Amino acid sequence: MRKIYDLTAPICLENDEVRIPKPKSAEISLELIGHDLLLSGTKLFKYLSNSIKFEVHLGTHIDLPTTFAYQSIDPFKIPVDFFIREAYIVHVERDYSKKSLTLDEVREKIDPKEFTELPRERRPTLLFKTGMSRYWCRDNQRYMNFPGLSKSLVEFIAYELEPPFIGIDAISIDRTIEHRSLSLYTNIDEEFINILRMQEYTALLGHDILLRKNIYILENLDMREIPSDVSRGLLIALPLFRFTSLTEKSVLITALPCRVIFVPEPEGSVGEVVRKLRTLEKELSGIVV
Amino acid sequence: MMTNPISKRSRRLFTHFKALGSPIRFLIIYKMLDGRPYTKNEIVDYVSVLMGLPKTTVDRHFRTLLKYGIIKIAGKSIRDGEKGRKPLLYVLAVDSLTFYVNLFTYLLEGVTDKRMKLIEKNLNDIKTLLNAVDDIKLKLYLVGHEVSNEVISNLSKTLDSCVPVFSLVREAVRPRTFVADCENALELLSKTSANQIILKKISPDKMRELLYVALIESNIPIEKLGSLLGIKDMSRLVGYDDLWDVIEVIHHNDPTTILTLLTDNAKCTDAEASYVINLANNIIKYFSSSITHHDLIRLILTL
């Protein structure tokens with residue numbers, strides 16, 4: 001039986017409190033709820049449940065174009081097979097305390113033909129393993145301190161590769177305010193950092209570039225267990241919720257929290273056949289598209 | 001409302017068999033779809049009578065289906081107690097992955113065996129194959145280790161033989177590789193000039209446009225193009241319109257003559273090489289954007 005990897009970042013609990021990396025303004029809470037009190041004055045209930053309240057942009061989730069009010073695709077109508085596709089993993093683990101991930105670092109690791117020779121709806125997704133997920137829940141401040149992807153890299157993805165979505169094991173593809181405040185203004189008091197934090201979402205240029213092109217962004221993956229020699233596989237990133245509208249009025253859903261699993265490409269003769277099928281897929285696509 | 005007795009999946013499979021151009025195999029499966037076990041003789045009798053074919057012919061198709069696991073020995077016939085065959089749906093339920101991989105192999109082999117006639121008839125079948133690729137790939141990812149080595153080996157061999165064929169068709173329909181040197185450009189122009197199917201697609205106006213665009217792109221003097229096209233009196237050539245007027249008179253706008261002259265006269269010097277390369281690539285672009293798939297496939301089959 002082959003190894004299947006769970007790339008979903010866990011919701012970490014400390015007693016009743018949720019402790020995951022997040023902006024201070026974002027809320028997440030978990031409560032235990034008792035139903036049908038059996039005896040007044042006690043905490044005896046017929047059955048127990050939980051209530052979880054969170055912003056959909058927390059934890060492992062896919063950012064949708066609606067985040068910036070681009071509504072080119074109705075998220076209610078995304079077919080389920082959109083979320084099941086082959087993935088390429090780019091290993092770019094290093095120290096990210098200072099420098100953002102640049103195009104030069106990944107150019108040699110990505111073959112554009114693997115994307116451009118397929119119609120866009122058939123293209124694989126591109127996952128970046130930065131190594132940041134080792135800080136998830138262990139050092140949330142450090143996890144939040146991520147310098148992002150350089151503009152040239154984001155533009156390379158948006159205009160040359162055009163995958164349906166990309167994924168990353170970090171808080172964002174853009175430089176976070178925590179990174180800016182901690183790296184540039186280490187001696188400034190917290191109040192000033194909070195003032196800066198108010199501007200947090202005005203600088204999401206990478207998001208803007210990708211989402212305008214309908215390239216979704218899968219953030220906060222947990223890729224710790226993915227070995228360095230695994231670079232291809234099947235990604236299944238299923239949204240936790242399925243929304244549908246009962247009225248004409250559209251509802252803005254800006255992100256889809258996901259459960260993500262990854263199946264590495266088979267080895268041996270089966271893997272060889274998968275690679276041949278991939279070649280056949282390119283040739284057939286070239287004929288019909 | 002009457003419900004359709006044939007499931008959606010079965011109808012899709014029927015399409016596969018129809019696409020293979022074998023009504024005999026189609027009919028065998030259709031007969032067996034009711035879920036009852038049949039003997040081989042029952043099936044052969046039924047189909048041969050219905051289609052007016054020799055039993056040996058039907059028997060051959062029956063054995064093909066058996067070879068690929070599309071039908072299997074699965075029980076006794078109600079009629080005479082011989083070994084019977086159960087239909088497609090039964091096989092699917094027992095070992096769907098092996099069956100599906102076998103069917104896929106069978107379809108691909110059908111494609112190569114028939115020298116692309118399948119595609120020539122109906123490009124929609126390519127879409128069906130593309131869907132099958134998706135299905136097989138997904139299944140191999142998830143449960144590929146459960147497929148026998150023999151089945152994987154057969155699929156691998158089939159892919160080895162059919163991918164180059166599809167590659168050829170794809171290159172004709174959507175060329176990825178353009179001509180890069182003078183020799184290849186001349187070869188393409190030569191083959192084009194010798195192929196009536198393709199020449200019929202180049203109208204005199206289009207020929208005029210193609211020659212003109214290559215002239216602009218390669219920036220060669222008009223006199224040079226004139227000499228390539230066998231025009232001796234250059235004194236009247238001021239602009240391209242003048243050149244075309246002469247071509248109309250002496251070559252009657254005939255693409256065959258024009259392309260033959262070009263391939264005969266071009267010497268692959270820098271300027272001439274640039275012209276023929278540009279012309280060849282513009283012809284490729286024109287073919288890929290304006291000629292039907294059907295024409296292109298016929299073309300590459302004749303090259």
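This is a predicted model: local features need pLDDT of at least 70, side-chain atom pairs count only at pLDDT 80 or more; totals for chains, interfaces and linings use all residues.
Begin with chain A. It holds eight helices and 12 strands. Of its 289 residues, 37% count as buried.

Chain B is built from 17 helices and two strands. It has 303 residues, and buried residues make up 31% of them. Here too, sequence separation can be read from the contacts. Take those between residues at least 6 apart: 71% join residues at least 24 apart.

Return to chain A and its domains. Domain 1 covers 10-53, and domain 2 covers 56-288. The two touch: 10 residues of domain 1 are in contact with 11 residues of domain 2. On the domain 1 side of this contact, seven residues are nonpolar, three are charged and none is polar.

Next come the cores. In soluble globular proteins, nonpolar side chains tend to be buried together. The largest nonpolar core in this model has 93 residues. Within that core, Ile62(A), Ile157(A) and Leu218(A) touch the most other members. Look at Leu218(A) in particular. Beyond its neighbours within four places in sequence, Leu218(A) is in contact with Ile62(A), Phe165(A), Ile166(A), Gly167(A), Ala237(A) and Cys258(A). There is also a second, separate core, with 25 residues. Its members include Cys182(B), Ala185(B), Ile258(B) and Leu259(B).

Two packed helices are described by the angle between their axes and the distance between the axes. Helix H4 of chain A spans residues 151-161, and helix H7 of chain A spans residues 205-212. Their axes come within 9 Å and cross at roughly 10 degrees. Angles under 35 degrees count as roughly parallel, so H4(A) is roughly parallel to H7(A).

Now follow the backbone into two loops. Most residues other than glycine have a negative phi, and most peptide bonds are trans. Asn214(A) has a positive phi, near 60 degrees. Asn214(A) lies in the loop between H7 and strand S10 (216-219) of chain A. Cys137(A) sits in the loop between strand S8 (125-129) and helix H3 (140-144) of chain A. Cys137(A) counts 18 other C-beta atoms within 10 Å, so it is partly exposed.

Finally, see where the chains meet. Chain A gives 20 residues to the contact, and chain B gives 26. Which helix supplies the largest share of the chain A side? Helix H8 (residues 268-288) of chain A does, with 16 residues. By class, the chain A side has 11 nonpolar, four polar and five charged residues.

How values were computed. Residues are numbered from 1 along each chain as its sequence is written. Chains are lettered from A and ligands numbered from 1 in the order in which they are written. Axes are lines fitted to C-alpha atoms, for helices over the stretch in contact, and angles run from 0 to 180 degrees between N-to-C directions. Helices (H or I, at least four residues) and strands (E, at least two) are DSSP runs, numbered from the N terminus. Angles under 35 degrees count as roughly parallel, over 145 as roughly antiparallel, 65 to 115 as roughly perpendicular and the rest as oblique. Two residues are in contact if their C-beta atoms, placed from the backbone, lie within 7 Å. Ala, Val, Leu, Ile, Met, Phe, Trp, Tyr, Cys and Pro count as nonpolar, Asp, Glu, Lys and Arg as charged, and the others, Gly among them, as polar. A residue is buried if 20 or more other C-beta atoms lie within 10 Å of its own, exposed if 12 or fewer, and partly exposed in between; C-beta atoms are placed from the backbone. A nonpolar core is a set of buried Ala, Val, Leu, Ile, Met, Phe, Trp, Tyr and Cys residues joined through C-beta atoms within 7 Å. Domain bounds come from an automatic or database domain assignment.
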